[in-house]
Amino acid sequence: MRRIALAVLVTLALVFTVLPAWAGSYLDRAALLLDEARKEGDMLQPRTFDKELVLVVKALAEARARVGRKMEVPAAVTKAHPHLLLVLENYERAASAAEDGNFKKFMEHLNTARDEDRNFRAIMRELGYTLPDVNTKK
């Protein structure tokens with residue numbers, strides 16, 4: 001009986017130690033993706049005429065959206081992940097609109113991305129998680 005109790009305690013300790021670490025990895029990845037996407041969107045907004053910058057931002061946005069679709073998602077945050085994907089896809093669409101010279105569409109997608117970013121963060125807080133600040137030096 002003692003062995004079973006000890007095995008259960010060890011298993012529970014491992015589960016509660018490993019799951020936050022996995023969620024932490026997701027939080028780190030999501031924070032990095034969101035932060036870089038926001039920075040590039042903010043930088044591109046007044047410079048949509050710069051075709052070379054648009055091409056760089058578009059390539060990075062496409063890569064981020066691809067990574068977001070393929071990343072492993074902990075069960076605890078599956079409710080929020082579609083909003084992360086919407087953020088990344090709208091930044092990608094904004095860059096495509098900038099490439100096409102359509103500033104109105106660029107701004108629509110940029111604003112949608114920002115709204116979805118807020119939705120993602122709100123759902124994460126509701127689930128009990130906070131994204132780390134990627135600008136903080138440890």
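The model is predicted, so local features are reported only at pLDDT of at least 70 and side-chain atom pairs only at pLDDT 80 or more, while totals for chains, interfaces and linings use all residues. Residues are numbered from 1 along each chain as its sequence is written, and side-chain values use heavy atoms, with hydrogens and water left out.

The chain holds four helices and zero strands. Along the sequence the pattern is α-α-α-α. Helices (H or I, at least four residues) and strands (E, at least two) are DSSP runs, numbered from the N terminus. Of the 138 residues, 36% count as buried. Buried means under 20% relative accessible area, exposed over 50%, and partly exposed in between, with a 1.4 Å probe and protein chains only. Among contacts with a separation of 6 or more, 75% link residues 24 or more positions apart. A contact requires heavy atoms within 4.5 Å.

Confidence was examined by pLDDT, the predictor's confidence in each residue, from 0 to 100. The chain has a mean pLDDT of 88. A value of 70 or more is reached by 86% of its residues. Over residues 17-22, pLDDT stays under 50. The model has six contacts beyond four places in sequence for that stretch. Where pLDDT is low, the predicted coordinates should not be read in detail.

Helix 2 (residues 51-70) packs on helix 3 (residues 81-99) at an angle of about 160°. Their axes lie 8 Å apart. Axes are lines fitted to C-alpha atoms, for helices over the stretch in contact, and angles run from 0 to 180 degrees between N-to-C directions. Helix 2 is therefore roughly antiparallel to helix 3. Angles under 35 degrees count as roughly parallel, over 145 as roughly antiparallel, 65 to 115 as roughly perpendicular and the rest as oblique. The crossing of helix 2 and helix 3 is left-handed, meaning that the near helix is turned anticlockwise from the far one by less than a right angle. Helix 2 contributes residues including Val54, Leu55, Lys58 and Ala61. Helix 3 contributes residues including Leu85, Leu88, Glu92 and Ala95. By class, this contact has ten nonpolar, three polar and eight charged residues. Ala, Val, Leu, Ile, Met, Phe, Trp, Tyr, Cys and Pro count as nonpolar, Asp, Glu, Lys and Arg as charged, and the others, Gly among them, as polar.

Ala65, in helix 2, is buried, with a relative accessible area of 1%. Beyond its neighbours within four places in sequence, Ala65 touches Leu88 and Glu92. Glu52, also in helix 2, is exposed at 57%. The C-alpha atoms of Glu52 and Glu99 are 9.4 Å apart, across 47 residues of sequence.

Helix 3 also packs on helix 4 (residues 103-126). Their axes come within 8 Å and cross at roughly 165°. Helix 3 is thus roughly antiparallel to helix 4. This crossing is left-handed. Among the residues that meet are Val87, Asn90 and Tyr91 in helix 3 and Phe106, Ala113 and Phe120 in helix 4. The contact divides into twelve nonpolar, six polar and five charged residues.

Ala113 belongs to helix 4. Ala113 is buried, at 0% relative accessibility. Leaving aside neighbours within four places in sequence, Ala113 contacts Val87, Asn90 and Tyr91. Ala113 and Ala37 are 76 residues apart in sequence, with 9.2 Å between their C-alpha atoms.
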